[in-house]
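Subject: Handover of a structure and the findings from it

Dear colleague,

Please find the structure below, together with an account of what was found in it.

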Amino acid sequence: MSEQLILLGIIIAATSGVPGLVLSRYSTTGQCVTTVLAVIAAVLGLSGITRFWTSGDSQEIVLAWSVPGGEFNVSMDGLSALFLLPVFLVSLLGNIYGLSYWKQTEHADNGRQLRFFYGLLTAGMALLVIARNSMLFLVGWEVMALSAFFLVTTEDDQQDVREAGWIYLVATHVATLFLFGLFGLLYAVNGSLTLAPLNEEAVTPGMAWAIFVVALVGFGLKAGIMPLHIWLPSSHAIAPSHVSAIMSGVLIKMGIYGIVRITSLFPHPPLEWGGTLLALGAVSGVLGVAFAIGQHDLKRLLAYHSIENIGIIIMGIGLALVGRSVGRAEWIILGLGGGLLHVWNHALFKALLFLSAGSVIHAVHTREIDHLGGLAKAMPRTALCFLVGAVAICGLPPLNGFVSEFLIYLGLFDTLGIEGGPSCAGAAFGAPALALIGALAVACFVKVFGAVFLGTARSEHAQHAHESRASMIGPMALLVICCFSIGLASPFAAPVLGQGVSSWAPEFADKGPDQAMLAPLEWISILGVVLVVALVLASAALWLRLRGSVVQTGPTWGCGYLAPTPRMQYTSSSFAQLLVGLFDWVLRPRTRAPCLRSQAYSPFGCELTDGGSTMPPSSKDLGLFPQKTDFCSAVPDTVLDEAVLPTFRIGARLFSRLRMLQQGSIQTYVLYIFLALLGLLLWR
Amino acid sequence: METIICNTVHLVLAFTLPPLLLGVIAKTKALFAGRVGPPLLQAYYDLIKLLRKGSVFGTTTTWVFRAGPVVGLVTTSLAVLVVPLADYAAPISFTGDFVLLAYLLGLCRFFTASAALDTGSAF
């Protein structure tokens, strides 16, 4: 029954944008119809998921399909249900948010197109998660990938949007190419395109490795694991914010779903797979957050944090794989349970952060952090929502990010081994990596929250900001509630995670949500509630005390300087300078600063250029008297700029020789057809 | 019975002794610098004096500035509960409690730094 409900939800979601296409582009009727349909789709989908969780029964739906090797085969299991929930939830909230964020009357040109592809994206993701046949999976995957391309390029009249769109399109096609390879290999082993556990005897170690590597590259490109993340920052930055929310919150998780699903097919994975994923996750996490610290485009920064969180999830999966190799159920439960919970958590808090960022952009029309400031006064609700998201993404208690990171920590420490059991001490190196990620994330989000919402406005726009409408704040408030619920009531999520874990590793199914996971979770919940209550009580005490005592206000003390200006605040670059300097071997920051030739010592800026290339200096020599000058710094994407683009340029130069064949004259092309036919005739 | 006494002693010590450490540090530094230094109980005197004073808030600040000290006090008070005292177990102890300790202090730092940025001045 749950499958039917979800399929109905998928159909309605896919068609939700269609009525809007035929309605007027200058009225809001279309967007209201779309939102009503999206609500119906989400209700159907969510009730299907709940039904599966409560009753636990799943009936496979198998229909004939004329595509070779294809079969319309859908079914629910614990993993599908876990990944379906954010698909329907975030899509619903994004749709409601879009009502005023991308109002049809204000975006007559592309509003209808955006809503159409938003529905298709939801349907594609939901379909691929429940598909049990490779061809059906690929259909869902391509619907998702291509509608995401049209969503990213919504504002295709802008140059940077088109460029980001192209990079995304290339990356997603490469990913699909690898998936074709993957399913071809699976077909060679299994003899059918059904996604079922592999026949152990038929898989040689070489074949298993080939499947693993191809799956890792194909799905890793979509998930944005560190060296494969090149498309992610720019496309998240330029897409409309509710599109960024669903892309970052849900779409990249489909890559994670693919990795989890494919690894579930191997009952005895080699130990090295888990090690590879742990190492990749740690690299992705640390470098993702390091790149994030250097950014001063609000949404680009959030995009790099997606890479970081994908790293954390991959570490959890890696730990579970190690556990499966050596037969330790605790590591599977803690690692995969933590990773899957982090999939939810990241969907919730990253959607919250992108929607809050969208609310800021809607009010001030810039993504540049250094042009913002002091928005907490004009937009108190947005500021509060962003703060909750920021605390959650840093993995701080009492919010949801802490719970999932805590589970992964427990698993990683457990690999040091108890007496008698096997130990994989190497895996414990993941724990310091996770700690480093957490610390850097705190620094980064203090920077963002401080520079955007605190202090005083740095530009004219920021001074005249206004709070967003209720239809934008509402979805954000709901996400805030979700973040608190998972943070404070995590033991209730344990059975659901247990279902996911047991459908990943059926041989450990009888273990269920292990005590190793449940016991500390209860403590986390209790202490979380205590923390919240204590905070409320302490705030009340402070309020009472301030009411009874003398309270003065005045300008902030500035060493006797009584007229502070917004330029005396920390900017996002200056706040991050120390940390960017620490990572300059990989970030390769570019700065343009005046060089003070007359002085041997330059007070700032110049030492930053050591790691990377320097932009041409703005003024050669400052002379005896200070002249007007400027300073700017940027952290571009190292992998894209210094590895991928040069490789592509070399490729373009090599392949340009083939241009000889393409001359544009019809006669030559007819000759090619003739020659090809002749060749085929001779060959047969 | 023993645990109740132990926990009470733990809490009393945790909430009364920390300012003394500041005095010890100041005294030690002074000793090495050849100075007399402030009295050992100086931090207590400061606290008593500050508690009797009024408050001054910058005009640029919001509720985040006021939340800084509140979060600092609450998180460190909670963190004390998971730290063991000498040979005795902490009032609250469970697997992985030290992760919670570290992240509680992280929450404290998050709000302290945000409160500082809220003043709108690098000083």
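The largest pocket of this predicted model is lined by 29 residues, and those nearest its centre are B:Leu47, B:Leu50, B:Leu51, B:Pro69 and B:Leu73. The search runs on a 1 Å grid over the protein atoms alone: a cavity is a set of points where a 1.4 Å probe fits but cannot get out, whereas a pocket is an open set with protein on both sides within 12 Å along at least five of seven lines, and a lining residue has an atom within 4 Å of a point. The elements that give two or more residues to this lining are helix H21 (515-548) of chain A and, from chain B, helix H1 (2-16), helix H2 (18-33), helix H3 (42-52), strand E1 (55-58) and helix H4 (63-81). Here helices (H or I, at least four residues) and strands (E, at least two) are DSSP runs, numbered from the N terminus. H4(B) supplies the largest share of the lining, nine residues. The space in the largest pocket is about 1300 Å³, where a volume is the space filled by probe spheres set on the points, and grid points are joined across faces, edges and corners. By class, 21 lining residues are nonpolar, five are polar and three are charged. In this scheme Ala, Val, Leu, Ile, Met, Phe, Trp, Tyr, Cys and Pro count as nonpolar, Asp, Glu, Lys and Arg as charged, and the others, Gly among them, as polar.

As to conventions, residues are numbered from 1 along each chain as its sequence is written, while chains are lettered from A and ligands numbered from 1 in the order in which they are written. Because the model is predicted, local features need pLDDT of at least 70 and side-chain atom pairs count only at pLDDT 80 or more, while totals for chains, interfaces and linings use all residues; side-chain values use heavy atoms, with hydrogens and water left out.

The second largest pocket has a volume of about 850 Å³. Of its 31 lining residues, A:Asp370, A:Arg567, A:Thr571, A:Ser573 and A:Phe631 are the closest to its centre. Helix H11 (271-294), helix H22 (572-582) and strand E5 (632-634) of chain A each give two or more residues to this lining, and the largest share, six residues, comes from H22(A). The lining comprises eleven nonpolar, 14 polar and six charged residues.

Several helices were also examined. The expected span is 1.5 Å times one less than the number of residues. Of the 24 residues of H10(A), 24 are buried; buried means under 20% relative accessible area, exposed over 50%, and partly exposed in between (1.4 Å probe, protein chains only).

Helix H3 (residues 29-55) of chain A reaches 39 Å from its first C-alpha to its last, close to the 39 Å expected. Just after H3(A), A:Gly56 takes a positive phi of about 80°. Helix H5 (residues 97-118) of chain B reaches 32 Å, close to the 32 Å expected, and just after H5(B), B:Gly120 has a positive phi of about 70°.

Which residues other than glycine have a positive phi? A:His365 has a phi near 60°, and A:Arg588 has one near 45°. A:His365 is in the loop between helix H13 (329-364) and helix H14 (375-378) of chain A and is exposed, at 63% relative accessible area. A:Arg588 lies in the loop between helix H23 (584-587) and strand E4 (590-592) of chain A and is partly exposed, at 29%.

A cis peptide bond, with omega about 5°, joins A:Pro397 and A:Pro398. A:Pro398 is in the loop between helix H15 (380-393) and helix H16 (400-414) of chain A.

Finally, on confidence, the predictor gives the complex an ipTM of 0.93 and a pTM of 0.92. Chain B has a mean pLDDT of 90, and 100% of its residues reach 70 or more; pLDDT is the predictor's confidence in each residue, from 0 to 100.

Yours sincerely
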